[in-house]
Amino acid sequence: MSVVNRLFAANAQWASDVSKHEPGFFKESAKGQAPHTLWIGCADSRAPETVITGARPGDIFVNRNVANQFNTDDLSLLAVLKYAVDHLGVEHVAIVGHSNCGGAGACLAAALSGSANHDGPIVTISSEPVDSELNRWLEPLTRIATSLPLASVSEAEALQLVVEANVKAQVEKLASTEVIRSAWTKGTPKGQKVQIHGWVYDLSTGLLKDLNISRGPA
């Protein structure tokens, strides 16, 4: 059986199991969504948000990208944030990184190589052109990596520092958006309070770590 056929077979089995244990679930789901959380995470295939949190379809609105970046000029992500907060009424927005992140690892390697040129574009992945999609996307994170005190720690510890510093930086950018500022100062169209969070998922244990940088009304 091909990979695609296996996916469809597994989907059919899952749908059958859900319908058996909770008749009417899909009919109710089709009526609309009311997620409590917006998850902005890494696209890594090992960090599926609904699986690692035990969430049900409809609980979590999702945007995932390479190295869980929140770029303030990313129109797609800004639209997701606006829709989630103002139209779906989410109460929590979480930036979620993870251990052993490939994107963070590439940025760490570039930072440790000493080749980062802060006076111009940074080439994180040397095999890619300087203006390639990956190099342009990872440049802000490489700049973060070069600013960290990494000389006195092991490579594994350095990578974890980059992963956590990245999450903290993205939370700060998230807090600066008009959507979040407005939610905190003026309220939201649906009247819910909104908190933002920074978490890291540990691939080796399956556990989420709260970086304790949450902001917003309790």
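**Entry 1: a ring to begin with**

Is F25 buried or exposed? I looked it up: F25 counts as buried, because its relative accessibility is 10%. My cut-offs are these: buried means under 20% relative accessible area, exposed means over 50%, and partly exposed lies in between, with a 1.4 Å probe and protein chains only.

A note to myself on the ground rules. I am working with a predicted model, where local features need pLDDT of at least 70 and side-chain atom pairs count only at pLDDT 80 or more, while totals for chains, interfaces and linings use all residues. Residues are numbered from 1 along each chain as its sequence is written, and side-chain values use heavy atoms, with hydrogens and water left out.

**Entry 2: the whole chain**

I started with the secondary structure and found eight helices and five strands in the protein chain. These are DSSP runs numbered from the N terminus: helices are H or I with at least four residues, strands are E with at least two. Reading along the sequence, I wrote down the pattern α-α-β-α-β-α-β-α-α-α-α-β-β. The C-alpha trace spans about 60 × 55 × 30 Å along its principal axes. Of the 218 residues, 39% count as buried.

Next I looked at contacts, meaning heavy atoms within 4.5 Å. Among those between residues at least 6 apart in sequence, 62% join residues at least 24 apart.

**Entry 3: the aromatic rings**

How many aromatic pairs does the structure hold? I found four. Rings of Phe, Tyr and Trp (its six-membered ring) pair if their centres lie within 6.5 Å; planes under 30 degrees apart count as stacked, over 60 as edge-to-face and the rest as tilted.

F25 and F26 make an edge-to-face pair, with 5.3 Å centre to centre and 80° between the planes. F26 has a relative accessible area of 30%, so I put F26 down as partly exposed.

F61 and Y83 form a tilted pair, at 5.9 Å centre to centre and 50° between the planes. This pair links distant parts of the chain: F61 sits in strand 2 (residues 60-65) and Y83 in helix 4, 22 residues apart. F61 counts as buried because its relative accessibility is 17%, whereas Y83 counts as partly exposed at 39%.

I also noted that ring pairs link W14, F25 and F26 into a cluster. W14 belongs to helix 1 (residues 3-21). With 40% relative accessibility, W14 counts as partly exposed. Setting aside neighbours within four places in sequence, W14 is in contact with F26 and P57.

**Entry 4: the nonpolar cores**

Nonpolar side chains tend to be buried together in soluble globular proteins. I went looking for nonpolar cores, which are sets of buried Ala, Val, Leu, Ile, Met, Phe, Trp, Tyr and Cys residues joined through side-chain atoms within 4.5 Å.

Which residues of the largest core touch the most other members? Of its 41 residues, they are L38, L81, V85, V93 and L174. The elements that give two or more residues to this core include strand 1 (37-42), helix 4 (75-88), strand 3 (92-98) and helix 7 (155-175). Helix 7 gives the most, with nine residues.

Leaving out neighbours within four places in sequence, V85 is in contact with V90, V93, V179, A183, T188, Q192 and V194. There is also a second, separate core of eight residues, with W39, I60, A94 and Y201 among them.

Helix 5 has 12 residues and reaches 16 Å from its first C-alpha to its last, close to the 16 Å expected at 1.5 Å a residue. The expected span is 1.5 Å times one less than the number of residues. G103, A104, A106, C107, L108, A110 and A111 are buried in helix 5, and its buried residues pack against helix 6 and helix 7. After helix 5 comes G114, which has a positive phi near 75°.

In helix 7 I picked V167. V167 is buried, because its relative accessible area is 0%. Not counting residues up to four places away in sequence, V167 touches N68, I95, G97, G198, W199, V200 and L211. V167 and E157 are 10 residues apart in sequence and 16 Å apart in space, C-alpha to C-alpha.
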